[in-house]
Amino acid sequence: YELIPGTTNQYKFTYKFYRDCSGAASAPTSVTMCYNSYCGASGSVILNPVSTLPSGSTNGSPVGTGCPGYPTTCTGGTLPGYQEWWYTANFTIPSTCSLWKFSVSVNARNNAILNLQNPGTQSLYVEALFDNTVSQNDNSPYFSNPPIPYCCINQPFSYNNGTIDVNGD
């Protein structure tokens, strides 16, 4: 989430979804974000896909190209490949409370996942917690780099998640 400049308690929420290009299920056409607070408020907001990512890529573009001579499944190769999808919505938090929970659950994980029983029936769940009693002008920290690095044999490799907190808190 990020505060919309010039507002109080009005935020742009962004859900980033990374889809396996060889997965059976398509990316969701929209995502429902649920919210509830310790103070009793609850509801949901529909997050819709953006058309263009901040990098200038089309939403749903492959995250990486793989290694030279070894393309990913996104581009016809055999290395695992992933697409990046962003979903957003603007939302005004309806009240002040010390504990807000914002969550998204997307079902039908990839059946090729080996460390889950019946992965195609499992859901991917993520949540963010927020306290707007301390500051009503806060932004969440985020990763500026996609979480899918490709390490190629005999090539030096270094990876930085690019963690950023614009408020420094």
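Start at Tyr 15: leaving aside neighbours within four places in sequence, this residue is in contact (heavy atoms within 4.5 Å) with Val 31, Leu 47, Trp 85, Trp 86, Tyr 87, Val 104, Val 106, Leu 124 and Val 126. Before going on, a word on the model: it is predicted, so local features need pLDDT of at least 70 and side-chain atom pairs count only at pLDDT 80 or more, while totals for chains, interfaces and linings use all residues. Residues are numbered from 1 along each chain as its sequence is written, and side-chain values use heavy atoms, with hydrogens and water left out.

Now zoom out. The chain has zero helices and nine strands, where strands are DSSP runs of E with at least two residues and helices are runs of H or I with at least four, numbered from the N terminus. Along the sequence the pattern reads β-β-β-β-β-β-β-β-β. The C-alpha atoms fill a box of roughly 55 × 35 × 30 Å along the principal axes. Of the contacts with a separation of 6 or more, 59% join residues 24 or more positions apart.

How much of the chain is buried? Buried residues (under 20% relative accessible area with a 1.4 Å probe, protein chains only; exposed is over 50%, and partly exposed lies in between) make up 33% of the 169 residues.

Back to Tyr 15, which is among the residues with the most contacts inside the largest nonpolar core, together with Phe 13, Leu 47, Tyr 87 and Phe 102. That core has 23 residues; by definition it is a set of buried Ala, Val, Leu, Ile, Met, Phe, Trp, Tyr and Cys residues joined through side-chain atoms within 4.5 Å. At least two of its residues come from each of β2 (10-20), β3 (31-37), β4 (42-49), β5 and β6.

Next, the rings. A search of the whole structure turns up 13 aromatic pairs, meaning rings of Phe, Tyr and Trp (its six-membered ring) with centres within 6.5 Å; planes under 30 degrees apart are stacked, over 60 edge-to-face, and the rest tilted. Tyr 35 and Phe 91 make a tilted pair, with 4.7 Å centre to centre and 45° between the planes. Tyr 35 sits in strand β3 and Phe 91 in strand β5, so their pairing ties together parts that are 56 residues apart in sequence.

Not counting residues up to four places away in sequence, Ser 103 touches Thr 32, Met 33, Cys 34, Tyr 125, Val 126 and Glu 127.

Glu 127 has a charged partner too. The structure has one salt bridge, defined as a side-chain nitrogen of Lys or Arg within 4 Å of a carboxyl oxygen of Asp or Glu. Here Lys 101 pairs with Glu 127, and the closest N and O atoms are 3.9 Å apart. Lys 101 lies in strand β6 and Glu 127 in strand β7 (residues 123-130), so the bridge ties together parts 26 residues apart in sequence. Lys 101 is partly exposed at 27% relative accessible area, and Glu 127 is partly exposed at 41%.

The chain exposes about 10,200 Å², with carbon and sulfur atoms supplying 51%; accessible areas come from the Shrake-Rupley method with a 1.4 Å probe, and for residues only the protein chains shown count as cover. Leu 99, in the loop between β5 (82-92) and β6 (100-107), is partly exposed at 39%.
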